[in-house]
Amino acid sequence: MEQCKLQIGCFIIIFYIGFSYFRECKKNTGEYKLGIFAWVLLISVMEVILDGVTAYTVNHLDTVNATFNLLAHMCFLLMLDALVFTMFLYMLFITEGFPSEKKKRLLLYSPFILNVLMLIGNIHSLEYRRGFITNYSMGISVYTCYVMVAVYMLFTIFLFLWKWSYIERHKRATILLYLLLTVGVCLYQMLVPEALVTALVPTIFVLGVYMNQENPAIKELKSYHHEVVTGFATLVEKRDDNTGGHIRRTSLYVELLAKELRKRGYYKNVLTKDYIQNLLMAAPMHDIGKIAVPDAILQKPGRLTPEEFAIMKQHSADGGKIIKETFGKLGDEEYRDMAYLVARYHHEKWNGKGYPEGLSGKDIPLCARIMAIADVFDAVSEKRCYRDAMPIDKCFDIIREGSGTDFEPVLVEVFLDIRKKIEAVHDQVSQERMKKAC
């Protein structure tokens with residue numbers, strides 16, 4: 001057991017993390033989710049177990065059955081390949097870079113599939129060597145495994161650097177650290193084969209991912225924060241005599257538009273993952289200033305007088321003020337600033353004829369320009385106390401006609417291109433509302 005101490009320690013760490021992860025998932029969602037991180041955990045456990053088994057068998061060649069030893073090494077090498085490949089897939093998922101086209105996916109899987117075939121086909125030539133500290137295995141299968149590990153580790157590092165802006169700012173340094181440590185362990189194992197430190201690879205990766213990205217308790221806390229914000233905004237929405245669902249619909253429209261803009265390469269230096277997440281958190285707060293608007297104006301069934309409309313317009317400036325006073329000491333300055341910009345400027349127009357400041361063009365913050373389209377589309381497509389909902393074709397026509405005057409032309413073009421997705425969200429929320437009414 002002397003040769004297995006490291007593997008035993010690594011197994012305990014990974015098993016504890018896995019137990020905590022699945023327990024929290026079960027408590028929070030009521031089910032055991034087999035997402036990509038769950039597969040990383042399961043494969044890591046198997047890899048560490050097989051690492052320990054082979055560390056024992058390679059040092060007891062005189063007492064261990066040769067066929068069993070060979071099969072154990074084959075399974076260990078296969079599991080190591082699967083681990084590194086799954087780590088790469090995980091990085092693809094968190095950076096939203098997983099390809100949808102079959103040809104690209106096949107190209108992505110090709111090195112892994114080729115290596116598995118070569119590894120199994122050459123496992124019979126595996127040889128065992130005696131080192132200064134411990135015995136170790138070498139041969140074509142081991143070399144192909146090393147190549148596979150090197151290829152996908154390089155892919156992972158390259159992907160991380162390429163998608164740098166798509167990763168939350170506060171997570172970048174930690175991800176870079178555990179990736180570099182993982183690469184360092186892999187290089188050391190390749191240069192010093194008798195070291196038998198492979199078990200550190202999944203341990204470092206799993207520990208880093210769990211603490212930085214996948215801890216269910218942290219995710220639950222963020223979810224509570226979002227629910228509190230949405231609940232606060234919903235209370236304000238209920239003062240407005242409409243059919244409901246405005247916050248949910250506009251937030252979904254904003255999400256679709258922002259992600260499509262990023263997908264097409266527009267504002268790629270602005271639309272980072274941090275930016276979009278903050279925007280989605282800020283979107284429900286865009287009309288928070290209406291809490292200061294009298295009910296007689298907010299729920300008036302007819303056209304507002306100029307004096308009443310002046311009071312109504314004040315809600316955007318009031319909204320920015322409320323957010324600064326209410327969320328100023330939460331510690332999340334990026335979110336607070338985003339919510340402020342969305343609330344204050346979502347009624348500004350591209351031609352400078354909006355309010356409260358009459359900003360024009362790109363002087364209007366991007367988040368507010370995106371919110372403006374979602375807000376107007378929802379306003380005309382839903383029933384209000386002063387009018388019925390407009391036909392869906394007319395709603396899209398209003399957005400199209402506002403290009404270059406009310407809205408930024410690029411945003412309008414993209415919004416119209418994703419019309420089917422917008423309509424799907426509109427119908428989905430309407431059906432949900434009807435079910436609740438029944």
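At 17% relative accessibility, Leu 196 counts as buried, because the cut-off for burial is under 20%. The model described here is predicted. Its protein chain comprises 17 helices and two strands, and buried residues account for 49% of the 438 residues.

- Leu 196 sits in the loop between H6 and H7, and its phi is positive, at about 55 degrees, although the residue is not a glycine.
- Tyr 267, in the loop between helix H9 (246-263) and helix H10 (273-282), is also not a glycine and has a positive phi, near 50 degrees.
- The peptide bond joining Tyr 355 and Pro 356 is cis, with omega about 15 degrees; Pro 356 belongs to the loop between helix H13 (333-345) and helix H14 (366-381).
- For context, most residues other than glycine have a negative phi, and most peptide bonds are trans.

**Helix H6**
- Helix H6 covers residues 169-191, and its 23 residues should span 33 Å at 1.5 Å a residue; the end C-alpha atoms are 34 Å apart, which agrees.
- An α-helix has 3.6 residues a turn, so residues three or four places apart point the same way.

**Nonpolar cores**
- The largest nonpolar core contains 59 residues, and Tyr 21, Phe 37, Ile 175 and Phe 205 have the most contacts inside it.
- Elements that each supply at least two residues of this core include helix H1 (5-29), helix H2 (36-57), strand E2 (135-138) and H6.
- Helix H3 gives the most to this core, with 16 residues.
- Another core, of 51 residues, lies apart from it and has Leu 252, Leu 261, Cys 367 and Ala 374 among its members.
- Phe 205 touches Val 40, Met 87, Tyr 90, Tyr 178, Leu 179 and Thr 182, leaving aside residues up to four places away in sequence.
- In soluble globular proteins, nonpolar side chains tend to be buried together.

**Surface and overall contacts**
- Ile 13, Leu 207 and Met 211 form a nonpolar surface patch with about 270 Å² of accessible area together.
- Leu 207, in helix H7, is partly exposed, because its relative accessible area of 35% falls between 20% and 50%.
- The protein chain exposes about 22,000 Å², of which carbon and sulfur atoms supply 63%.
- Of the contacts between residues at least 6 apart in sequence, 69% join residues at least 24 apart.

Methods. Residues are numbered from 1 along each chain as its sequence is written. This is a predicted model: local features need pLDDT of at least 70, side-chain atom pairs count only at pLDDT 80 or more; totals for chains, interfaces and linings use all residues. Side-chain values use heavy atoms; hydrogens and water are left out. Helices (H or I, at least four residues) and strands (E, at least two) are DSSP runs, numbered from the N terminus. The expected span of a helix is 1.5 Å times one less than its number of residues. A nonpolar core is a set of buried Ala, Val, Leu, Ile, Met, Phe, Trp, Tyr and Cys residues joined through side-chain atoms within 4.5 Å. Buried means under 20% relative accessible area, exposed over 50%, partly exposed in between (1.4 Å probe, protein chains only). Contact means heavy atoms within 4.5 Å. Patches are made of residues with over 30% relative accessible area and no salt bridge: like charges are joined within 9 Å, nonpolar side chains (Val, Leu, Ile, Met, Phe, Trp, Tyr) within 5 Å. Accessible areas come from the Shrake-Rupley method with a 1.4 Å probe; for residues, only the protein chains shown count as cover. A salt bridge is a side-chain nitrogen of Lys or Arg within 4 Å of a carboxyl oxygen of Asp or Glu.
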